Amino acid sequence: MPHPIRGHVALAAVILHRPAASGELLAHCRDTLGADRAPAAILILDALPRTEIGKVDRRALQEMVAARQSAPGSANRRGV
């Protein structure tokens, strides 16, 4: 995802099998991976966008992130 200073930072797009808050997931990532390797934000989805051949459609995913960030009233940038 775009970052004003670093250019881009990592974002994790996840599909949950049980309820969890994005803050909990970020804390788990920081504890497991370390603060320098953890994603900057977590995007919780019902399903990942796919191409016609079944691969994750990264372009569509980037567009989803951009749309959520520019949406009026988007309260939580860390949970995107």
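The model is predicted, so local features are given only where pLDDT is at least 70 and side-chain atom pairs only at pLDDT 80 or more, whereas totals for chains, interfaces and linings use all residues. Residues are numbered from 1 along each chain as its sequence is written, and side-chain values use heavy atoms, with hydrogens and water left out. The protein has two helices and four strands, where helices (H or I, at least four residues) and strands (E, at least two) are DSSP runs numbered from the N terminus.

**Overall fold and surface**

- Read along the sequence, the elements of the protein follow the pattern β-β-β-α-β-α.
- Of the 80 residues in the protein, 20% are buried; buried means under 20% relative accessible area, exposed over 50%, and partly exposed in between, with a 1.4 Å probe and protein chains only.
- Among contacts (heavy atoms within 4.5 Å) between residues at least 6 apart in sequence, 55% join residues at least 24 apart.
- The protein exposes about 6000 Å², of which carbon and sulfur atoms supply 53%, the accessible areas coming from the Shrake-Rupley method with a 1.4 Å probe, with only the protein chains shown counting as cover for residues.

**Helix 1 (residues 22-33)**

- At 1.5 Å a residue, the 12 residues of helix 1 should span 16 Å, and the end C-alpha atoms are 16 Å apart, which agrees; the expected span is 1.5 Å times one less than the number of residues.
- Ser-22, Leu-26 and Cys-29 are the buried residues in helix 1.
- Seen down the axis of helix 1, these buried residues fall within an arc of 60°, so they line one face of the helix; the arc is that of the directions from the helix axis to the C-beta atoms.
- An α-helix has 3.6 residues a turn, so residues three or four places apart point the same way.
- The face of helix 1 turned away from the buried side carries the exposed residues Glu-24, His-28, Asp-31 and Thr-32.
- Strand 4 (41-45) is included in what covers the buried residues of helix 1, and just after this helix Gly-34 takes a positive phi of about 95°.

**Helix 2 (residues 58-70)**

- Ala-60, Leu-61 and Val-65 are buried in helix 2.
- These residues cover an arc of only 140° around the axis, which puts them on the same side of helix 2.
- On the other side of helix 2, Arg-59, Gln-62, Glu-63 and Ser-70 are exposed, while strand 3 (11-15) and strand 4 are included in what covers the buried residues.
- The N-terminal end of helix 2 is capped by Asp-57, a side-chain oxygen of which lies 3.3 Å from the backbone nitrogen of Arg-59.

- Met-64 is found in helix 2 and, at 27% relative accessibility, counts as partly exposed.
- Leaving aside neighbours within four places in sequence, Met-64 is in contact with Leu-45 and Pro-49; the C-alpha atoms of Met-64 and Leu-43, 21 residues apart along the chain, are separated by 9.5 Å.
- Lys-55 lies in the loop between strand 4 and helix 2 and is exposed, with a relative accessible area of 56%.
- Not counting residues up to four places away in sequence, Lys-55 touches Pro-49 and Arg-50.

**Confidence**

- The mean pLDDT (the predictor's confidence in each residue, from 0 to 100) of the protein is 84, and 84% of its residues reach 70 or more.
- Where pLDDT is low, the predicted coordinates should not be read in detail.

Technical notes. A polar contact is a pair of N or O atoms within 3.5 Å; within protein, one must be able to donate a hydrogen and the other to accept it, and residues adjacent in sequence count only if both atoms are side-chain atoms.
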